[in-house]
Amino acid sequence: PEQYQLIARISIGGMGAIYKSRHRKTNALLAIKILHPHVADIGNNRQRFDREAKAAAALKHPNLVVVHDYGITKKEIP
């Protein structure tokens, strides 16, 4: 997404890749997970991604990752 600058890939797995990123306006450092295109196109994985992001964003605890944003890239990848 335009508001984020991908800096470096942190990790890659079976479902997607995680990138160290920077929010272009706030300069906040963030981790961004992007699904592999072939994974995003399988069955209901896009809906699953949406449900999991909403569920994770609702959880609040000091030992959990905070979800700030989620969405779809210009190439239609969650």
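Predicted model: local features only at pLDDT ≥ 70, side-chain atom pairs only at ≥ 80, totals over all residues.
Reply: Two strands are said to pair if DSSP finds at least two bridges between them.

Me: How many bridges join strand 1 and strand 2, and how many residues lie between them in their hairpin?

Reply: Strand 1 and strand 2 are joined by seven bridges, again in the antiparallel sense, and the hairpin that they form has three residues between the strands. One of the facing pairs here is Ile-12 with Ala-17 in strand 2. In the hairpin of strand 2 and strand 3 there are five residues between the strands, and Asn-27 takes a positive phi near 65 degrees.

Me: What is the order of the strands in the sheet, and why is one side of strand 1 and of strand 3 left without a neighbour?

Reply: The three strands make an open sheet with the order 1-2-3 and antiparallel pairing. Strand 1 (4-12) and strand 3 stand at the edges and have a single partner strand each, so one side of each has no neighbour in the sheet. On average, neighbouring strands of this sheet are turned by 35 degrees against each other, if direction is ignored.

Me: Which residues make up the largest nonpolar core?

Reply: The general idea is that in soluble globular proteins nonpolar side chains tend to be buried together. In this structure the largest nonpolar core has eight residues, namely Tyr-4, Leu-30, Ile-32, Ile-34, Leu-35, Ala-40, Phe-49 and Ile-77. Strand 3 (residues 29-35) gives the most to this core, with four residues.

Me: Which residues of helix 2 are buried, and where do they lie around the helix axis?

Reply: The buried residues of helix 2 are Asn-45, Phe-49 and Ala-53. Seen down the helix axis they fall within an arc of 80 degrees, so they line one face of helix 2. These buried residues pack against strand 3 and helix 1 (37-40). As for its length, helix 2 has 14 residues and reaches 20 Å from its first C-alpha to its last, close to the 20 Å expected at 1.5 Å a residue.

Me: What is Phe-49 in contact with, leaving aside its neighbours within four places in sequence?

Reply: Phe-49 is in contact with Leu-35, Tyr-70, Gly-71 and Pro-78. Of these, Gly-71 has its place in the segment after helix 2 (45-58), and with a relative accessible area of 36% Gly-71 is partly exposed. Not counting residues up to four places away in sequence, Gly-71 touches Phe-49, Ile-77 and Pro-78. Gly-71 and Arg-22, by comparison, are 49 residues apart in sequence and 16 Å apart in space, C-alpha to C-alpha.

Note on methods: Residues numbered from 1 in each chain as written. Heavy atoms only, no water. Core = buried A, V, L, I, M, F, W, Y, C linked by side-chain atoms within 4.5 Å. Buried < 20%, exposed > 50% of the residue type's maximum accessible area, 1.4 Å probe, protein only. Helix = DSSP H or I, 4+ residues; strand = E, 2+ residues; numbered from the N terminus. Contact = heavy atoms within 4.5 Å. Expected span 1.5 Å × (residues − 1). Arc of directions from axis to C-beta. Axes fitted to C-alpha atoms, helices over the stretch in contact; angles between N-to-C directions.
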